Amino acid sequence: MSLVLNIFTIIAVLAGTFFFLAGTVGLLRFPDTLTRLHALTKADNLGLGLVVMGLLPQAEWPFDVIKLIAIWLFTLLAGATVGQLMAQAARRGQPTP
Amino acid sequence: MRNISARAAMTRWTGFFGFWLLLIGLDPVDLAAGLFAAAAATWTSLHLLPPSGGRLRYAALAQLALRFGQESIMGGMDVARRALSVRLPLRPGFVVYPVRLHPGPTCNAFTTLTSMMPGTLPAGVDDHGALLYHCLDVEQPVAAQLAIDEGLLIRALGETHDDT
């Protein structure tokens, strides 16, 4: 059982790092601030979700498990909030469509 | 209104204190700081987000959470596919979305929620009060997806809105 959980952890964390890598590639390749924000807010959220999911079987129930989930949710909320504030700031000076 | 405020304050304080206990643990030495932190968090939250009479509808909230989970996965995969593609398939631009929600906390919740959905990034409001969304691909049915999200949020929060 422990072997299965360890394999699950390895697969989920690797998948998570793949999305972090993809988000970073997007940050470097996308053409402007607004498109780069998409890369950071979408790919990294999924990446962190997968890393957290992978770590859950290794964490102690219940406190560490809840802490991990709370970290993920707070990061989601912070990313979504700051992302739109940065988008508003980046749009200033551009013509309104 | 006073009853709603008192009940909301008690509920929020309990939630904050419970969360504190989960994060810090049950060490009695830390409890005083936890009690104070929960009170400060309650005071702040009541000022920033005053309680309203609306009631949460849990079935719609669960539906919204499920959709959010699915869409987050789609969003991450969509960005990853575009970022790693040799051709870099982007058609960026703005979509104007005439939001039905009144400006305020619920509308802010909507923009925060949709900020995590695939291909959309809220970027403020236009001169007529409609929400502006920056999209990675303006040919995607962005407005239709936003309308589904907004409908679910309205149902979940039991909000009133303008249909006109």
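In what order do the elements of chain A run from the N terminus on? They run α-α-α. The model is predicted: local features need pLDDT of at least 70, side-chain atom pairs count only at pLDDT 80 or more, and totals for chains, interfaces and linings use all residues. Residues are numbered from 1 along each chain as its sequence is written, while chains are lettered from A and ligands numbered from 1 in the order in which they are written.

**View 1. The fold of chain A.**
Chain A has three helices and zero strands. Both element types are DSSP runs, numbered from the N terminus: helices are H or I with at least four residues, strands E with at least two. The radius of gyration of chain A, 17 Å, is well over the 13 Å that the globule rule gives for 97 residues, so the chain is more spread out than a compact globule. This radius is taken over C-alpha atoms, and the rule is 2.2 Å times the number of residues to the power 0.38. Along the principal axes, the C-alpha atoms of chain A fill a box of roughly 60 × 25 × 15 Å.

**View 2. Burial and contacts within chain A.**
Of its 97 residues, 31% count as buried (20 or more other C-beta atoms within 10 Å of the residue's own, with C-beta atoms placed from the backbone). Take the contacts in chain A with a separation of 6 or more: residues 24 or more positions apart account for 65% of them. A contact requires C-beta atoms, placed from the backbone, to lie within 7 Å.

**View 3. Chain A against chain B.**
Here 29 residues of chain A are in contact with 30 residues of chain B. On the chain A side, α1 (2-29), α2 (33-55) and α3 (63-91) each give two or more residues. α3(A) gives the most, with 11 residues. By class, the chain A side divides into 14 nonpolar, 11 polar and four charged residues. Nonpolar covers Ala, Val, Leu, Ile, Met, Phe, Trp, Tyr, Cys and Pro; charged covers Asp, Glu, Lys and Arg; the others, Gly among them, are polar.

**View 4. Helices α3 and α5 of chain B.**
α3 (residues 58-84) and α5 (residues 142-157) of chain B pack at an angle of about 145 degrees, with their axes 8 Å apart. Axes are lines fitted to C-alpha atoms, for helices over the stretch in contact; angles run from 0 to 180 degrees between N-to-C directions. α3(B) contributes B:A60, B:L61, B:Q63, B:L64 and B:R67, and α5(B) contributes B:L152, B:L153, B:R155 and B:A156. This contact has six nonpolar, one polar and two charged residues.

Notes. Contact = placed C-beta atoms within 7 Å. Buried ≥ 20, exposed ≤ 12 C-beta atoms within 10 Å, placed from the backbone.
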